Amino acid sequence: LNRSSDIDLMGEASLSTYETVLKTLTYEHTKPGMPSVSPRAVKLTVNDGSGTSNLATVSIDFSAVNDPPRVDLNGPFAPGIDYTTTFHEGSAGVGIASVNATIHDPDSTNISWVSIELTGLLDTYPTERIYCEIDAEDNSTSGGSSQSIKLTGEASLAEYEHRLRAVQYVNEKDEPTPGIRTVSVYAYDDEGAKSALAMTNITIVAVNDYAPAFELSAYARAIDEGDATDRAVTTVHATDADLYGTDKITYSIEGGNGLFKINSMTGEIVTATAIDFEALGSDVHSFTVVAEDGGQPMSLSGTASVTITVTDVNDNTPMFRQSEWGVRKNEDIPSGSSIVVVFADDADSGVNGKIVYSIDSAGSGSGSVHFDINPVS
């Protein structure tokens, strides 16, 4: 460590030239940190080639200036002094500073206190808050949109770094409001000098932790058979306890043999084709409806069963197996004798397919006078 240094101004020149050069000489102190306040001395002699002048001395006095502390929330291994982090819904908490966060003061190894303010609270204090388990003053008002805590007591830089790294953000709301919360940090030394602002931005991320649930676990409806498509059958509805984008529900059908379709947005179920009771072979048709949310990166879904009973409609006309029957009988056959048996069929089911025979009395001829027909057989 050099305690002195020499500068020689050499070369023959006029007195005025040397006077001008001497006036340009300056003193600089470039070493980081607090300099020693002891005076510095600059000693000057002049030689004209034949003799040396008397010794002239200039004394430089030092006065100390208190430099403020410096807070680096990002740590020495990352650029800048500000920090960013993410809080996921339901997590225990996140630190507001890097595990490598530092506090530096060029003038001292101690800090008097650190102020930390949380702003932009959308779920209000104390539902969301910052805290330090290693002693902190908190005089915040419940229900407010901001919170301030203070780390106090004169202690070493290392102790304050430890306490700063222990400050956590937590949001205990079941469905926290997404967005960014801001943390502002200042450090103060024992003379009250205040550091530059260091900030942390905390992004709140909602988690898709609820599956959609239908209002009913099973839906049952009855419809008549018919040729029309897009006939309304029923509407199912599901809800999702999640908020903020993960509650957008899309409906779909599993099964159903293509007989029915569902509006993916409204949950309305309609016929996808003509419903012919006789062609289906069964009057009961079951399928599953699915409600899927819009959660990322993974969606969740819920299901319910739907049972549709198709009711037969009397939409088929009885048809005789022959267009006419011809028989010959003697004119003297006894009354009540069997003449002929006619057959008709009806494609409808149940009572709609039950055939009753009769003789048209309004028709031509006198058949209704001389003949009778069993209405059943």
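Close-up 1. Leu 25 is partly exposed, at a relative accessible area of 47%. That value falls between the buried limit of 20% and the exposed limit of 50%, so "partly exposed" is the class. The model shown here and in the other views is predicted. Leu 25 sits in the loop between helix H1 (15-23) and strand S1 (40-44). Together with Ile 7, Leu 9 and Val 21, Leu 25 makes a nonpolar surface patch of about 350 Å².

**Close-up 2. The two faces of strand S8.** In a regular strand, side chains alternate between the two faces of the sheet. Strand S8 spans residues 128-132. Glu 128, Ile 130 and Cys 132 make up its covered face. Arg 129 and Tyr 131 make up the uncovered one. S8 pairs with strand S11 (residues 167-171). The sense is antiparallel, with five bridges. Cys 132 has Val 167 as its bridge partner in S11.

**Close-up 3. A four-stranded open sheet.** The strand order is S15-S22-S21-S18, and the pairing is mixed. Strands S15 (218-224) and S18 (250-255) are the edges, each pairing on one side only. On average, neighbouring strands of the sheet are turned by 30 degrees against each other, direction ignored. Strands S21 (residues 284-292) and S22 (residues 301-311) run antiparallel and are joined by nine bridges. Thr 288 finds its bridge partner in S22 at Ser 305.

**Close-up 4. The stacked pair of Trp 113 and Tyr 188.** Seven aromatic pairs occur in the structure. One of them joins Trp 113 and Tyr 188. The ring centres are 3.8 Å apart, with 5 degrees between the planes, and the pair is stacked. Trp 113 belongs to strand S7 (residues 110-119) and Tyr 188 to strand S12 (residues 179-188), so the contact ties together parts 75 residues apart in sequence. Trp 113 is partly exposed, at 28% relative accessibility. Tyr 188 is buried, with a relative accessible area of 13%.

**Close-up 5. The tilted pair of Phe 214 and Tyr 251.** The ring centres of Phe 214 and Tyr 251 lie 6.2 Å apart. Their planes meet at 50 degrees, so this pair counts as tilted. Phe 214 is in strand S14 (residues 213-214) and Tyr 251 in strand S18. The pair links distant parts of the chain, 37 residues apart. Phe 214 and Tyr 251 are both buried. Ring pairs also bring in Tyr 219, giving a cluster of Phe 214, Tyr 219 and Tyr 251.

Methods. Residues numbered from 1 in each chain as written. Predicted model: local features only at pLDDT ≥ 70, side-chain atom pairs only at ≥ 80, totals over all residues. Heavy atoms only, no water. Buried < 20%, exposed > 50% of the residue type's maximum accessible area, 1.4 Å probe, protein only. Pairing = 2+ DSSP bridges. Axes fitted to C-alpha atoms, helices over the stretch in contact; angles between N-to-C directions. Patch = residues over 30% accessible without salt bridge, like charges linked within 9 Å, V, L, I, M, F, W, Y side chains within 5 Å. Areas by Shrake-Rupley, 256 points an atom, 1.4 Å probe, with all protein chains shown as cover. Salt bridge = Lys/Arg side-chain N within 4 Å of Asp/Glu carboxyl O. Phe/Tyr/Trp six-rings, centres within 6.5 Å; stacked < 30°, edge-to-face > 60°.
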